Amino acid sequence: MIYDLKLKIRGRPDFSLFFLTLLLVGFGLIMIFSASYPAAFIKHDSPWHYVMKQGVFALTGLFVMLIFMCIPFSVWKKASPILLTFSLVMLVLVLIGGADINGARRWFVLGGFNLQPSEFSKLTVIVYLSAIISRKGERIRNFRNGLLPIILVIGTILLLIMRQPDFGTVLILFFIAVTILWVGDVDLRHMLLLSMALVPMFVYLAVSKSYRLDRVSAFLNPLDDLQGSGYQLTQSLYALGNGGLTGTGIGQGVQKLFYLPEAHTDFIFAVVGEELGFVGTFMLFVVFFLFIWRGFITAIRSSDPFGLMLGMGIVMMIFIQFLLNVGSVIGSLPITGVPLPFISYGGSSLILCLASTGILLSISRDNHRRRQENSRNSTK
């Protein structure tokens, strides 16, 4: 009887958020096939190679999302030390025994699939920060006993990721941390001083390596080196310009025919722009911002400080990745190598986004349960 009662008041998930997630994943599979079939046919003798692998990632991620949706989000607060330890160990191990791909050591290659630990460190940081700040309460406003231990832990994670190197993930983690610290009511003076101290470091990191400096140069003026550092951005802009208002049609794009590098991964938004035009990209923006809005509503409705920070961190993670990717593709930001959430090819990114969405849906179920309980209490 008690078990039945718990089931009845468990609460419903936010079906709008659930549907928007499925819509983004389905659209991503369509665009991955369209963007990847020329390269897949040439490299693997099958136009279906990449979309089939992404389909496996999508099914795995959706399964994880459904499991996480059914797990009370408070469980992650208790599990945060384990998750943090596991993430740190994986970040160290990938530097020691990870695969070196294009000059970066970010991946474990397992059975033909690439696993990127830095992707999952994003969720680890969100859970860890939300848990420790909610435990500290007012003590978080004390720098020495509240904020300093957090800075040391997050700083260690950032340094390990920079050793890979992965500057895009470092930027995302920085914005995630700032968001959660702000929501957690950290002293704004401490946050300001911390930000001022980190800005010179980010500037140094952006120009300390020649390839990063090339990306900055290409961002400032891609036409200076059309066949070198500005090539990828120039081809991306050609794709967007060729799309016009309504696009060339799905499958009819030209730039993916070995003109645009990373057409099915980091620059898939350029393929969307070419084949679906302004109308298609606008509709994609609408779906993404509806997703962000529903996630934001879910977070702020949580009466649990841990749920609030956890939800806001997840929403910020997906939002920042969206902005960095689209900004890179349209030339508004330097190229960072950040995938487009739910859309770009890549198992680690897709599974992370779906697992994180599962936690958001768990928070929404708890919100609904609380509303049901309040409604029952008010009618008594």
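Colleague: Which residue, just after helix 5, takes a positive phi of about 60 degrees?
Modeller: This is a predicted model, in which residues are numbered from 1 along each chain as its sequence is written, local features need pLDDT of at least 70, and side-chain atom pairs count only at pLDDT 80 or more, while totals for chains, interfaces and linings use all residues. Side-chain values use heavy atoms, with hydrogens and water left out. Helices here are DSSP runs of H or I with at least four residues, numbered from the N terminus. Just after helix 5, the residue with the positive phi is Gly137.

Colleague: How many of the 20 residues of helix 5 are buried?
Modeller: Helix 5 covers residues 117-136 and reaches 28 Å from its first C-alpha to its last, close to the 28 Å expected, where the expected span is 1.5 Å times one less than the number of residues. Buried means under 20% relative accessible area, exposed over 50%, and partly exposed in between, with a 1.4 Å probe and protein chains only. Helix 5 is largely enclosed by the rest of the structure, because its buried residues number 18.

Colleague: On which residue is the kink in helix 11 centred?
Modeller: Helix 11, residues 268-300, has 33 residues, yet its end C-alpha atoms are only 32 Å apart, short of the 48 Å that a straight helix would reach. The bend at a residue is the angle between axes fitted to the seven residues ending there and the seven starting there. In helix 11 there is a kink of about 125 degrees, centred on Gly277.

Colleague: How far apart in space are Glu275 and Ser34, C-alpha to C-alpha?
Modeller: Glu275 lies in helix 11, and its relative accessible area of 1% makes it buried. Although Glu275 and Ser34 are 241 residues apart in sequence, their C-alpha atoms are separated in space by 9.1 Å.

Colleague: Which element gives the largest share of the lining of the second largest pocket?
Modeller: About 430 Å³ of space lies in this pocket, and among its 21 lining residues the closest to its centre are Ile151, Ile154, Gly155, Leu158 and Leu198. A pocket is an open set of points on a 1 Å grid over the protein atoms alone, where a 1.4 Å probe fits and protein lies on both sides within 12 Å along at least five of seven lines, and lining residues have an atom within 4 Å of a point. Helices 6 (143-162), 7 (167-183) and 8 (188-208) each give two or more residues to the lining of the second largest pocket. The largest share, eight residues, comes from helix 6.

Note on methods:
Grid points are joined across faces, edges and corners, and a volume is the space filled by probe spheres set on the points.
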